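Hello,

Here is the structure I promised to pass on. Have a look at it first, and then read my notes below.

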Amino acid sequence: MTKILFLNYEYPPLGGGAANATAQLLQEYVSMADVEVHLVTSAQGSEKEEIHLGGRVYIHRLPIGKNPEKLHSQSLRDIVIYSVKALIFSWQLIKREEEHPFDATLAFFGVPCGFIALLLKWRSRLPYVVSLRGSDVPGYSAKYSALYLFIRPLIRLIWREASAVVPNSQGLKDLALVTAPKQPIDIIFNGVDTKRFFPAFEKRPSAEFIITPGASRVTSRKGLRYLIEAVALLAPRFPQLRLKIMGDSDGNERTLLDAIVKELHVEDKVVFIGRVPREATVQYYQEASVFVLPSLNEGMSNALLEALACGLPVIMTPTGGAAELIEEGKNGCIIPYRSGTAIAKMLETFLTQPEKVESYGLSSRERALQMSWETVATHFLQVLQKASHNKDRL
């Protein structure tokens, strides 16, 4: 029996890609009889929740005074409150389970969860593994530039004390090595649920060519303004173009994008759908003809994986799994950052050569079938078991 303490301040409906990844991993562990998992996460409401997900998987949701209007983003206040409560609760949980002790901790995000895991190691000799997700790596997000300067030494310490550090893409590994060049790092990619996300080509409207950037937060980092610019460049010649954008806005990004849409006179071409429940996102992939992700930075994009599973050709910048999952001329193409012109050029290729939409889409589906969550869960389990076997050396 392997017993895991799992830390992530995000869990659906709170959070984004990391929350969904956590949910998928827990579902896989439900079916593994020799694995017990306790997730310590945040509650949406004001009460503590104890959930038995099934099998030997348990979720402990701690109230953090969450603003119900901002489920998909976490404030500094949210993170600080979670960190304090999660640390105290985890100490109590470890003590409560002393007769059947935990083998290791899996911390999603080096900060704050990796820091909590570090303190638990110092107190309880419990080894931990850090899963890097993006914003917890210095240099990933421009809005945290000042914070990165302050906490970089702490991040190095958290990584150095971990039994393993595992980003979810080659790009994120490369970025992490800038901060800690000598840090041993192995990649565990995100997975995708190919039973939930699958092609349904008959759902594509014949009179429209729909573009989707997938289900994610609407932030400046996603580079959506360049996609809107591309739509404006093509709209006069291709009136069938439609861009549908899912997701809550982070800060004032939606206001800025609305202004760009009006300035470029594409109000009839761009639709902001807003937040879509995860179980309903698949229909927006299935109706689309192409997936475009002009992001300035990503870890391993869940939206990309979902688009591949739904059989979409991909146009994206060299981030978020592009190097690992996109094969030029087969299932997609990689474009430069911050270039509406480059996006427009590639979109025109698919608009004028519809046979490529089909052939690229079939290749995307084949690639997604190689990325099951079962494989990802097994890989994490192997890394955690290795950490546990080395516990006596701590």
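Is Glu-298 buried or exposed? Glu-298 is buried, as its relative accessible area is 8%; buried means under 20% relative accessible area, exposed over 50%, and partly exposed in between, with a 1.4 Å probe and protein chains only.

Before the rest, a word on the basis: this is a predicted model, in which local features need pLDDT of at least 70 and side-chain atom pairs count only at pLDDT 80 or more, while totals for chains, interfaces and linings use all residues. Residues are numbered from 1 along each chain as its sequence is written, and side-chain values use heavy atoms, with hydrogens and water left out.

Glu-298 also has a charged partner. Arg-221 forms a salt bridge with Glu-298, with 3.5 Å between the closest N and O atoms (a salt bridge is a side-chain nitrogen of Lys or Arg within 4 Å of a carboxyl oxygen of Asp or Glu). Arg-221 sits in the loop between strand 8 (209-212) and helix 6 (224-234), and Glu-298 in the loop between strand 11 (290-293) and helix 9 (302-309), so the pair ties together parts that are 77 residues apart in sequence. Helices (H or I, at least four residues) and strands (E, at least two) are DSSP runs, numbered from the N terminus.

By this rule the count is 17 salt bridges. Another of them pairs Glu-97 with Lys-3, whose closest N and O atoms are 2.5 Å apart.

Leaving aside residues up to four places away in sequence, Trp-91 touches Leu-119, Leu-120 and Arg-123 (contact means heavy atoms within 4.5 Å).

Helix 4 (residues 145-161) is worth a look too. A kink of about 60 degrees lies at Ile-151, shortly before the proline Pro-153; the bend at a residue is the angle between axes fitted to the seven residues ending there and the seven starting there. The buried residues of helix 4 are Tyr-148, Ile-151, Ile-155, Ile-158 and Trp-159, and what covers them includes helix 3 (110-124), strand 6 (128-132), strand 7 (164-167) and helix 5 (170-179).

Finally, the overall picture. The protein has 13 helices and 13 strands, and 56% of its 394 residues count as buried. The C-alpha trace spans about 70 × 45 × 40 Å along its principal axes.

Best wishes
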